[in-house]
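Subject: Structure handover

Hello,

Here is the structure for your files. My notes on it follow below.

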Amino acid sequence: MRDAEDVTFGSAGLDRASGLRAKPDALAALLKRPDARVLPLWQGLVPVVEAGPAGEMGLVTVSPGHPALAEAGGAPTLLGLDDGVPWFGADISAWSPDIADAAANAAFLDPREQRHPALPADSRFVELRAVMTRLTRREAEIAATARALFGWHATHGFCPRCGHASEPAMGGWIRRCPNCRAEQYPRTDPVVIMLITRGDRVLLGRSAAWPQGMYSLLAGFIEPGETVEAAVRREVLEEAGVRVGAVQYLASQPWPFPASLMIGCRGEALSDAIEIDPAEIEDARWVSRQEMVDVLSGANPAIRPAREGAIAHFLIHRWMEDRLD
């Protein structure tokens, strides 16, 4: 696809400056720059503020040493250079607000919003998925990078080889065991997500954990020793009982909830009959282009479309517009 990287969290040209991660002096020099920006994350939520009349949002950043970073678990991590401006991330999940909001809903979307007394009064921490399409492309990429990186640190604190507590290294981009010297790198799980078509119809499915009426493209994790094409065919057959022939790669999307790379593919169905596996999905159905017009406009009472910003929404729109090539 010619516009494949236009997907939310797609590459917006951020210079990740990976060559600086092993240079403590260079990182320290960047932190001392007056234009250095630090993005604090709290329990996976990002701080945002209204940034425009059409609902645009902007990330809230602070300077190194700002009071909001008092609970940071370590030195800020270099996320990249935005047109030469250094962006860092800091995890302040140890901060405990005086009044806790609703508990996180890990099944689909974290509903919490939280305000930090040291940040601007009109700012708040929110779930990235709730605002991802309202950020600029560059800020969305930066926020996704920070969300994935700190989520990985939070769940990989011990060495998988010897069980000893590991420590951040390389500016926060690896974890190293002080006992056996083994190194861990940030984890990304490959997932295939499939635009399966037969004629002018597309195959949609829904999980029981999703909001009522929401349907999306079928998806599943790639297994060890499996190609992308084989995973597409296996997942569609397992979930919906539909056999798939030719498979074509379309686009990818980093999805930091918590650590997936969504690999968007197009597949040609060889059969019509649907036989779902209830252990995998709740329902699956064929939807025509004409029906999809009503779905995307909100006029179909039985089907709600995939969330705007997700690669499923992106691929369906391109299919509707004949822009998959």
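Apart from its neighbours within four places in sequence, S288 is in contact with D200, R201 and W319. The model is a predicted one, and that applies to everything below. S288 belongs to strand β15, which covers residues 283-288. The relative accessible area of S288 is 15%, and since the cut-off for buried is under 20%, S288 counts as buried.

One of the contacts of S288, W319, is a buried residue of helix α6. That helix covers residues 311-320 and is mostly covered, with 8 of its 10 residues buried. The buried ones are I311, A312, H313, F314, L315, I316, R318 and W319.

- β10 (189-198) and β11 (201-206)
- β13 (244-255) and β14 (260-269)
- β15, the strand that holds S288
- α5 (289-297)

Just after α6, D322 takes a positive phi of about 55°.

Some backbone values deserve a look before you set anything up. As background, most residues other than glycine have a negative phi, and most peptide bonds are trans. The peptide bond from F257 to P258 is cis, with omega near 10°. P258 sits in the loop between β13 and β14. F9 has a positive phi, near 75°. F9 is placed in the segment before α1 (24-31), and its relative accessible area of 4% makes it buried. M170 also has a positive phi, near 50°. M170 is in the loop between β7 (167-169) and β8 (174-176). With a relative accessible area of 34%, M170 is partly exposed.

Two of these residues come up again among the aromatic rings: F9, W255 and F257 form one aromatic cluster. How many aromatic pairs does a search of the whole structure find? The search gives 5. A pair of aromatic rings is described by the distance of the centres and the angle of the planes. For W42 and W95, the ring centres are 5.5 Å apart and the planes are at 65°, so this pair is edge-to-face. W42 is in the loop between β1 (37-41) and β2 (46-50), while W95 is in the loop between β5 (85-91) and β6 (124-126), so the pair ties together parts that are 53 residues apart in sequence. Both W42 and W95 are buried.

W42 also forms an aromatic pair with F125, at 6.3 Å centre to centre and with 55° between the planes, which is tilted. F125 is buried, as is W42.

A72 is another loop residue, placed between β3 (57-59) and β4 (77-82). Is A72 buried or partly exposed? Its relative accessibility is 23%, so A72 counts as partly exposed; the cut-off for buried is under 20%. Leaving out residues up to four places away in sequence, A72 touches A90, D91 and I92. A72 and A146 are 74 residues apart along the chain, and their C-alpha atoms are separated by 14 Å.

Now the chain as a whole. Its secondary structure comes to 6 helices and 15 strands. A compact globule of 325 residues would have a radius of gyration near 20 Å, and the chain has 21 Å, so the two agree. Taken along the principal axes, the C-alpha atoms fill a box of roughly 60 × 50 × 40 Å. Buried residues are 48% of the 325 in the chain. Among contacts with a separation of 6 or more, 63% are between residues 24 or more positions apart.

The accessible surface is about 15,500 Å², and carbon and sulfur atoms account for 51% of that. On charge, there are 33 positive and 43 negative side chains, with the centres of the two sets 4 Å apart.

Regards

Note on methods: Residues numbered from 1 in each chain as written. Predicted model: local features only at pLDDT ≥ 70, side-chain atom pairs only at ≥ 80, totals over all residues. Heavy atoms only, no water. Helix = DSSP H or I, 4+ residues; strand = E, 2+ residues; numbered from the N terminus. Buried < 20%, exposed > 50% of the residue type's maximum accessible area, 1.4 Å probe, protein only. Contact = heavy atoms within 4.5 Å. Rg over C-alpha atoms; globule rule 2.2 N^0.38 Å. Areas by Shrake-Rupley, 256 points an atom, 1.4 Å probe, with all protein chains shown as cover. Lys, Arg positive; Asp, Glu negative; His and termini not counted. Charge placed at Lys NZ, Arg CZ, Asp CG, Glu CD. Phe/Tyr/Trp six-rings, centres within 6.5 Å; stacked < 30°, edge-to-face > 60°.
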